Amino acid sequence: MDVLLLLAAWLVGLGVVLGAVAASSVRVVAQYEKGVVFRLGRARAVREPGLRMLIPGADRMEKVSVQVVTMPVPAQEGITRDNVTVRVDAVVYFRVIDPLRAIVEVQDYLFAVAQVAQTSLRSIIGKSELDDLLSNREQLNKGLELMIDNPALGWGVHIDRVEIKDVALPDSLKRSMSRQAEAERERRARVISAEGEFQASKRLAEAAANMAQAPAALQLRFLETVVQVAAEKNSTLVLPFPVELLRFLERSGAGDSAGTPEKSPEIQQKTAE
């Protein structure tokens, strides 16, 4: 009995050991991951997703995510080429295309990409003008993507895209730009108003020339104006009076006063008696 008990205990211990060894040699790689296998410290292979077996005590696996990583770049302050101080932040989209390089070539590829993105963003600020940062972002995004992608390819990382999120301007510059925009809008309004007056004057000159050739048209226009004024239900109706008629009346009054001689004081006295 003692021998059987010892044999059973030994079998149970062996089963536990074998189970522990088997458990340590089995790895599950998710669909969005890839596993890099190191055998005695040396990179041997890249394992695809699924259930993978390792040699206990000799193999070690590190998993690398191949999903697209969205990394925000903290706002970087810099001086543009036209000497304007701005703060610009961005976002970088990248993914691992070579897990072996991402593990072997760089200590921490996430930290490395973040540092390259920050330095590249400061560099692009110094090479650009303020108007480009505000209106020509697509070209700057492409240039920034190339600057980050060149060193990242050596780490097995591919930069999908880079987007500049926001450009923070000083308050004094914002006020200056607001005044400039207001002045520009006022200039455009004055130009449009002057252009309208010019076109209206040309039309009025043409209308005056046509009415000069047809006096009846001027009379019709006068009657139409009277109808429009009356339609507004005003209590006072103003009618134009010809200036030539006023001059004629003034000349007539001057002639009557000149043709009547003044009476002498004696005649006036006799007439009074």
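How are H3 and H5 oriented to each other? The legends below take up this question and then turn to the sheets and a salt bridge.

The model is predicted, with local features requiring pLDDT of at least 70 and side-chain atom pairs counted only at pLDDT 80 or more, while totals for chains, interfaces and linings use all residues. Residues are numbered from 1 along each chain as its sequence is written, and side-chain values use heavy atoms, leaving out hydrogens and water.

**View 1. Helix H3 packs against helix H5.** H3 (residues 109-127) and H5 (residues 137-153) meet at an angle of about 140 degrees, and their axes are 10 Å apart. Helices (H or I, at least four residues) and strands (E, at least two) are DSSP runs numbered from the N terminus. Axes are lines fitted to C-alpha atoms, for helices over the stretch in contact, and angles run from 0 to 180 degrees between N-to-C directions. H3 and H5 are therefore oblique to each other; angles under 35 degrees count as roughly parallel, over 145 as roughly antiparallel, 65 to 115 as roughly perpendicular and the rest as oblique. Residues in the contact (heavy atoms within 4.5 Å) include Val116 and Leu121 of H3 and Leu144 and Met147 of H5.

**View 2. Strands S6, S7 and S8 form an open antiparallel sheet.** The order is S6-S7-S8, where two strands pair if DSSP finds at least two bridges between them. S6 (69-79) and S8 (157-168) are the edge strands, each pairing on one side only. Neighbouring strands are turned by 25 degrees against each other on average, direction ignored. S6 is joined to S7 (residues 85-96) by nine bridges, and glycine 78 stands opposite valine 86 in S7. H3 packs on this sheet and touches S6, S7 and S8, its direction making about 35 degrees with that of S6. H5 lies across S7 and S8 and runs at about 140 degrees to S8.

**View 3. Strands S3, S2 and S5 form another open sheet with antiparallel pairing.** S3 (42-47) and S5 are at the edges with a single partner strand each, so one side of each has no neighbour in the sheet. The twist from one strand to the next averages 25 degrees. Five bridges pair S2 with S3, and glycine 35 stands opposite arginine 47 in S3.

**View 4. Arginine 39 and aspartate 59 form a salt bridge.** Their closest N and O atoms are 2.7 Å apart; a salt bridge is a side-chain nitrogen of Lys or Arg within 4 Å of a carboxyl oxygen of Asp or Glu. Arginine 39 belongs to S2 (residues 33-39) and aspartate 59 to S5 (residues 59-65), 20 residues apart. The structure holds twelve salt bridges.
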